[in-house]
Amino acid sequence: MRRISPIVLVVACVVMLGLAPTRWIAPLTGDLSAVLWVPLSPLAHGATSMRLWLRPRVALRTESDGAIEADRDYYRGLWHAEQIRVQELEKKLSAYEVTSGGNAQSGTVRLAAANVLSRTPGSGGIALKINAGSQQGISPGDVAIVGGDGVVGRIAPEVGAVTSTVLSIANRSIGRMDGYVVPADQEKSKRPQVIMVQLLPDGRGALRGDIDLGTSVRAGDLVRMKDPSWPSGAQGMRIGVVTEIKRKDEQPLRGEIIVRPAVDPAVVGELVVKLSAGQRP
């Protein structure tokens, strides 16, 4: 008699169980799967541990987690805002020290810091409205500066209690001013060569004046204030930089010097006003 292979018997049993009604085999499948799963448990446990090691579980977010992150972002924003304020105060302090020679409380130099509120362009040039006035000791004619020695302009005649207007140095209302040119390579010299020059605002953002073509003035040279009609605190301050020297056709030996202001009034946001002698904010 021919012997039946065990594999054939197993296949036949599986086929019969597969064709049997579900209600007959349902009580047996749970126990059978548990028995068959026993030898596979160590492998499954190892695979699960490896998966968790490669990709750890992420805790579910809760409402408290969202509140903590919101507080964190809020206080982080405050910290950055304070850092910006610290930088602004350091910049103002540096400007005070440069302007007053490191002795702002000596009484010889008094300063008032101000922010630009608005700009009014016109045919005569730009005018800046600032948030400082007579209550801060500002009076008409005071000089406004940036960076310690860069002249922005002068305070207009009308000064309010808490606001005033700065006429930019290239504004036609400023009128003619006297200055001197310092060659760029002699700026730090103890006794630089200086060339006197008279400048007149052209109302278009520049200063112009006559100059002898035989002088050594070149583009890039610095122009500083030396005008008795301006406050003493403005003397020696930077007016601007020479950008061009043009020859005059009607006067072959004379030329026209064009000066770009040291401070662009269109972009300045903060400035310092040098108060006139005797003023107390």
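**Reading salt bridges and strand pairing**

Visitor: Is Arg-204 buried or exposed?

Guide: Exposed means over 50% relative accessible area. In this predicted model, Arg-204 has 62% relative accessibility and therefore counts as exposed.

Visitor: With which residue does Arg-204 form a salt bridge?

Guide: A salt bridge needs a side-chain nitrogen of Lys or Arg within 4 Å of a carboxyl oxygen of Asp or Glu. Arg-204 meets this with Asp-202, where the closest N and O atoms are 3.9 Å apart. Asp-202 counts as buried, at 8% relative accessibility. Salt bridges with shared partners link Asp-202, Arg-204, Arg-208 and Glu-256 into one network. Within it, Arg-208 bridges to Asp-202 at 3.1 Å between the closest N and O atoms.

Visitor: How many salt bridges are there by this rule?

Guide: The count is five. One of them joins the side chains of Arg-238 and Asp-149, at 2.9 Å from N to O. Arg-238 belongs to strand 10 and Asp-149 to the loop between strand 3 and strand 4, so the pair ties together parts 89 residues apart in sequence.

Visitor: What pairs with strand 10?

Guide: Strand 9 runs antiparallel to strand 10, with three bridges between them; here Arg-224 stands opposite Arg-238. Strand 11 also pairs with strand 10 in the antiparallel sense, over seven bridges.

Key: Residues are numbered from 1 along each chain as its sequence is written. This is a predicted model: local features need pLDDT of at least 70, side-chain atom pairs count only at pLDDT 80 or more; totals for chains, interfaces and linings use all residues. Side-chain values use heavy atoms; hydrogens and water are left out. Two strands pair if DSSP finds at least two bridges between them. Helices (H or I, at least four residues) and strands (E, at least two) are DSSP runs, numbered from the N terminus. Buried means under 20% relative accessible area, exposed over 50%, partly exposed in between (1.4 Å probe, protein chains only).
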